[in-house]
Amino acid sequence: MKKYLKPLYIKKKKSWLLLTATALFGFAAFTAFRDPINRFDNNVFNLITPHITESRTRVMKFITFYGNHGFLIPANILLVLFFIIKKDKWLSITTGVVALSSLGLMSILKNVTQRHRPSDPLVPGITNFSFPSGHAFMSVAFYGLLIWLTIYYMSAGWKRYAINSFLMLVILVIGFTRVYLRVHYASDVIAGYCAGILWLLFCLIMMQQIQLHYKKKEDIRQGL
């Protein structure tokens, strides 16, 4: 029997997420491009700067790796392979679509906006543009997909709650490391989170509509 993803409908309990993400993305974009060196982003840097130490910086560099393409590309490939081994065609395709389209959209947004990085970064050698944060965007795309999978494929209980709480914490901490390391402004990270949420939901709904259409055609062909 073929497997199909459980439907994801945008009802009241999810519409608030869409509205909030859209509003926050608008705020971050307005903040970033009204004045690239603005009060909001500077205030965040000023709050963090007194707490920067060599030991904390080492920890932040370690954590930020889990939002880097060096980790996320192999992780996505392994997830696709896992679903292929499990013979779950739709989940393998969905994972690939989310990963590749998120990477493409993030690159487009960076090259369209062309916001320069903060000065005096703690991580040298980063040359691409700053808005939105690719780590924030891609972390939401990958870890957010894992959260969605646990919500739809694990029974409600403390295990699911613990896993999802941990994954959300990973997303938030990765974003914080980007500001701490001064490779992104806070508004870049906010925009990355919001764009990631909106795009992940779009991809999931799009894939489920494609599957629904495919299933209807298959049912008609089998005379069901």
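Visitor: Does alanine 186 count as buried or exposed, and at what relative accessibility?
Guide: Buried means under 20% relative accessible area, exposed over 50%, and partly exposed in between, using a 1.4 Å probe and protein chains only. Alanine 186 has 10% relative accessibility, so it counts as buried. A word on the source: this is a predicted model, where local features need pLDDT of at least 70, side-chain atom pairs count only at pLDDT 80 or more, and totals for chains, interfaces and linings use all residues. Residues are numbered from 1 along each chain as its sequence is written, and side-chain values use heavy atoms, with hydrogens and water left out.

Visitor: Which residues does alanine 186 touch, beyond those up to four places away in sequence?
Guide: Contact means heavy atoms within 4.5 Å. Alanine 186 touches Phe40, Asp41, Val44 and Val179. Also, alanine 186 and asparagine 42 sit 144 residues apart in sequence, yet 8.8 Å apart in space, C-alpha to C-alpha.

Visitor: Where does alanine 186 lie, and how many helices and strands does the chain have?
Guide: Helices (H or I, at least four residues) and strands (E, at least two) are DSSP runs, numbered from the N terminus. Alanine 186 lies in helix H8, and the chain has eight helices and zero strands.

Visitor: What about serine 139: buried or exposed?
Guide: Serine 139 is buried, with a relative accessible area of 0%. Its place is in helix H6. Leaving aside neighbours within four places in sequence, serine 139 is in contact with Gly67, Leu72, Gly144, Ile171 and Ile174.

Visitor: Which residues touch the most other members of the largest nonpolar core?
Guide: A nonpolar core is a set of buried Ala, Val, Leu, Ile, Met, Phe, Trp, Tyr and Cys residues joined through side-chain atoms within 4.5 Å. The largest one here has 39 residues, and Tyr143, Leu145, Trp148 and Val179 touch the most other members. Among the elements giving two or more residues to this core are helix H2 (39-48), helix H6 (134-153) and helix H8 (186-221). H6 gives the most, with twelve residues.

Visitor: What radius of gyration does the chain have, and what would a compact globule have?
Guide: The radius is taken over C-alpha atoms, and the globule rule is 2.2 Å times the number of residues to the power 0.38. With 224 residues, a compact globule would come out near 17 Å; the chain has 19 Å, which agrees.
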